[in-house]
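User: I would like to learn how to read a few features of a structure, with the general idea before the particular case. Could we work through one together?

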Amino acid sequence: MSRKIIEIAGKRLTLSNLETDLYPSYGFTKAHILEYYRRISKFILPHLKDRALTLKRYPEGVEKEFFFEKRCPSHRPAWVPTARILRHGEEPMTVCLVNDLETLIWVANLASLELHVPLARAGSPETPDSMVFDLDPGDGADILDCTRVALILRDLLANMALTSYVKTSGKKGLHVYVPVNHKETTFEDTKGFSKAVAEIMQKSYPELVTSKMAKEYRKKKVFINWSQNDSSKTMICVYSMRAREKPVVSVPMEWKELEKLAEKADPERMQITHSEAISRTEAKGDLFQDVITKEQRLPHL
Amino acid sequence: MRTRDPISESKRASGKEEEPGSHGIWSGTISFSLVAIPVQLVKAVDTGRVSFRMLHNKDYSPLQRRMLCPEEDTIVPPEEIIRGYQTGPEKYIVVTDEELESVSPERSRTIEIIEFIDIKEVDSVYYDHPYYLVPSKGGERAYHLLVEVMRRTNKAGLAKFVLGEREYLVAVKSVEGALSLVTLHYSEEILPTEDIIPEEVKIEADEKRRIKEGINKMRADFDPEKYADLRRNKILALLKKKSREKVLVEAPEIEEVEGKGPADLIAALEESMRKVKSR
């Protein structure tokens, strides 16, 4: 077992098993993962900040078992920021807040490849700062179908004076975010609104869209999962890696880029791997910046 | 869609991704003096009780439980529900979540053995619930060593252990190459026996001898495989037969009340959708 002690911002951190190949069919080790998160940290940290992190750990790599950890591991260093979450009918829970580079590296060192966060911050767990449409293709549908749905969604929302942003899920789907950042908006609002949107999408494009969770309705269609707009749900954080065969990342896209990719009709082009994620983010900046700052009110509620 | 045997799997059907801790109920270390072994706690028994969903006989909808306030005849939402300890007719002491929390034991990641005892001294009335401890990565060697030594010395470790919100007294012993853990009742939970143990009476030696002979004739080794929960087996057989006969009924798809958003929102969405489609 290899160990390496590093120091970030005066905090000591022991990195372990750096040579473990966590993406065996691609040849991507723990050291590569730490390097990815270090280089993307400037962009991912604002999106992780003050959110209760759910760790999804792959101690033996993406082909082996994983486990979720909602509680912040008790063996954490003393400097890891945490918050206590109280939810009705549940035991109170201490969660990790990834607010700085050292915590991000510590979390990544736990082989937590995927970083999942709620749509609200830990200090105001019932106040979502964005509304999300999780576009998930059913059997026989693919990311290009999601792209069509996302582009219609963008236009539909724009007609209601709402600006939306899109990222790849890093798997087969797309996530459309509508920033809210308004302290009076509740999950009841975002859920009700997104559900009404999903239903009108289904009504208008019955061949392409379903708003129903049941698998049998999802064949060859894109499921608009509006139920993610809930304080108990988490989404994969933008710029997080995904545990797939290749080290693919959930990355933001410009709408015009998505339009072009839709014309090219090549689903593979929408799988952005670690190095591409870094180079495009360094070139374009954080395309998701507005998601956490832009204030918008959901109309007609 | 995947079809599955509705009988054998119904109980274990799970969501698409596992939640934390589904491999073991708990993980941490078992320790005494200077030894600390990483372990996971797993269930030792599954009662295999056949459970049924309650359905509405008109449309087979699965029914839900709700809390009803008889006074107002309304369904009470969770945020309006609090706890009361009943002290007399219509008299309660209200206890808050925070108060309960303040008396709950600190979560702990260790099972600390405090004494080694002879397990035969523990009457079965103390046994509560059985589990196994299995070694976690890196703990295999020390685990086997402990199993072996406990087997040879025939001792069980007595430990305190926090699971969920309670602190349990547990006995850890070596069973067939593994560690088993049994939660024990605290002595104050054991009911007094004075009232139920009958008074002694004089018994003739002859009578004693006859009963003893009777027992000896029926002596056997304990073979639990000879016995089975017949009712459960019959229920399972019945379910299997009925599923072959395709007498399955189907619940209606829970129609999420459609178009129930605010009328204004629906109208606005329809208007913007018209614009989208007309382009």
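**Reading a backbone angle, a sheet and a core**

Analyst: Let us begin with a loop: Asp50(A) lies between helix 1 (30-48) and strand 5 (54-57) of chain A. Please keep in mind throughout that this is a predicted model.

User: What is the phi of Asp50(A) near?

Analyst: As a general idea, most residues other than glycine have a negative phi. In this structure, the phi of Asp50(A) is near 60 degrees, a positive value in a residue that is not glycine. A second case comes from chain B, where Tyr60(B) has a phi near 65 degrees, again positive in a residue other than glycine, and where Tyr60(B) is found in the loop between strand 2 (35-43) and strand 3 (68-69).

User: Is Asp50(A) buried, exposed or partly exposed?

Analyst: The reading rests on a count of other C-beta atoms within 10 Å, with 20 or more meaning buried and 12 or fewer meaning exposed. Asp50(A) has 16 such atoms within 10 Å, and is therefore partly exposed; Tyr60(B), with 13 other C-beta atoms within 10 Å, is partly exposed too. For chain A as a whole, buried residues make up 43% of its 301 residues.

User: In what order do the six strands of the open sheet in chain A run?

Analyst: In general, the strands of a sheet pair through backbone hydrogen bonds, either parallel or antiparallel. Here the six strands of chain A follow the order 13-14-10-12-11-16, and their pairing is mixed. At the edges are strand 13 (209-210) and strand 16 (252-253) of chain A, each of which pairs on one side only. Within the sheet, strand 11 (residues 165-168) and strand 12 (residues 174-179) of chain A run antiparallel and are joined by four bridges, with Tyr165(A) standing opposite Tyr177(A) of strand 12.

User: Which residues touch the most other members of the largest nonpolar core?

Analyst: The general idea is to look for buried nonpolar residues that are joined through their C-beta atoms. In the largest such core, which has 82 residues, those touching the most other members are Leu53(A), Leu135(A), Val176(A), Ile224(A) and Tyr239(A). Domain 1 (3-117) and domain 2 (130-234 + 242-292) of chain A both contribute residues, so this core lies between them. A second, separate core of 20 residues includes Ile111(B), Ile113(B), Tyr143(B) and Val172(B).

User: With which residues is Leu135(A) in contact, leaving aside its neighbours within four places in sequence?

Analyst: Its contacts include Cys146(A), Val149(A), Ala150(A), Val176(A), Val222(A) and Ile224(A).

Definitions and conventions:
Residues numbered from 1 in each chain as written. Chains lettered and ligands numbered in written order. Predicted model: local features only at pLDDT ≥ 70, side-chain atom pairs only at ≥ 80, totals over all residues. Core = buried A, V, L, I, M, F, W, Y, C linked by C-beta atoms within 7 Å. Domains from an automatic or database assignment. Contact = placed C-beta atoms within 7 Å. Pairing = 2+ DSSP bridges. Helix = DSSP H or I, 4+ residues; strand = E, 2+ residues; numbered from the N terminus.
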